[in-house]
Amino acid sequence: MEAADYDSDGDVDLYVGSYDQATSTYKHWLFNNEMSRFKDVSEEAGIKHSGNESSATFADYDNDGFLDLYIVKDNGDILYRNAGKEF
């Protein structure tokens with residue numbers, strides 16, 4: 001799990017990757033914090049990778065003022081570049 005204000009609205013949002021034992025797959029979510037209620041915005045933000053990941057972090061990779069999401073995973077890492085509220 002990684003926490004950061006990826007959409008620059010002043011509250012902390014969450015990225016979560018987890019193994020789902022029921023389906024034997026890995027799930028990945030981006031939750032937007034809207035007044036202390038978390039909304040799954042994974043699809044609209046463009047989070048669409050699959051597979052096991054060992055870590056994730058938010059950082060402004062390209063120095064444009066928006067936090068990007070870097071994911072370390074099996075078979076190659078992923079960088080989601082944030083263009084505002086979408087990756």
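**View 1. Asp62, a partly exposed residue of the predicted model, and its salt-bridge partner Arg81.** With a relative accessible area of 24%, Asp62 is partly exposed in this predicted model. Asp62 forms a salt bridge with Arg81, and the closest N and O atoms of the pair are 2.9 Å apart. Because Asp62 sits in the loop between strand E5 (53-59) and strand E6 (68-73) while Arg81 belongs to the segment after E7, the pair ties together parts that are 19 residues apart in sequence. Arg81 also counts as partly exposed, its relative accessibility being 47%. The structure holds one salt bridge.

**View 2. A nonpolar surface patch made by Tyr61, Tyr70 and Leu79.** The patch formed by these three residues covers about 300 Å². Leu79, one of its members, is found in strand E7, which comprises residues 78-80. The relative accessible area of Leu79 is 31%, so that this residue is classed as partly exposed, a class that lies between the limits of 20% and 50%.

**View 3. Met35, a residue with positive phi in the loop between strands E3 and E4.** Met35 is a residue other than glycine, yet its phi is near 55°, a positive value. The loop that holds Met35 lies between strand E3 (25-34) and strand E4 (37-40). Met35 is exposed, with a relative accessible area of 79%.

**View 4. Asn75, a residue with positive phi in the loop between E6 and E7.** The phi value of Asn75 is near 65°, which is positive although the residue is not glycine. Asn75 lies in the loop that separates E6 from E7, and with a relative accessible area of 82% this residue is exposed.

View 5. Read from the N terminus on, the elements follow the order β-β-β-β-α-β-β-β. The C-alpha trace spans about 35 × 30 × 20 Å along its principal axes, and the radius of gyration of the chain, 13 Å, agrees with the value near 12 Å that a compact globule of 87 residues would have. Buried residues make up 34% of the 87 residues, while the chain exposes about 5500 Å², of which carbon and sulfur atoms supply 47%. Among the contacts in the chain with a separation of 6 or more, 30% are accounted for by residues 24 or more positions apart.

Terms used. Residues numbered from 1 in each chain as written. Predicted model: local features only at pLDDT ≥ 70, side-chain atom pairs only at ≥ 80, totals over all residues. Heavy atoms only, no water. Patch = residues over 30% accessible without salt bridge, like charges linked within 9 Å, V, L, I, M, F, W, Y side chains within 5 Å. Areas by Shrake-Rupley, 256 points an atom, 1.4 Å probe, with all protein chains shown as cover. Salt bridge = Lys/Arg side-chain N within 4 Å of Asp/Glu carboxyl O. Helix = DSSP H or I, 4+ residues; strand = E, 2+ residues; numbered from the N terminus. Buried < 20%, exposed > 50% of the residue type's maximum accessible area, 1.4 Å probe, protein only. Rg over C-alpha atoms; globule rule 2.2 N^0.38 Å. Contact = heavy atoms within 4.5 Å.
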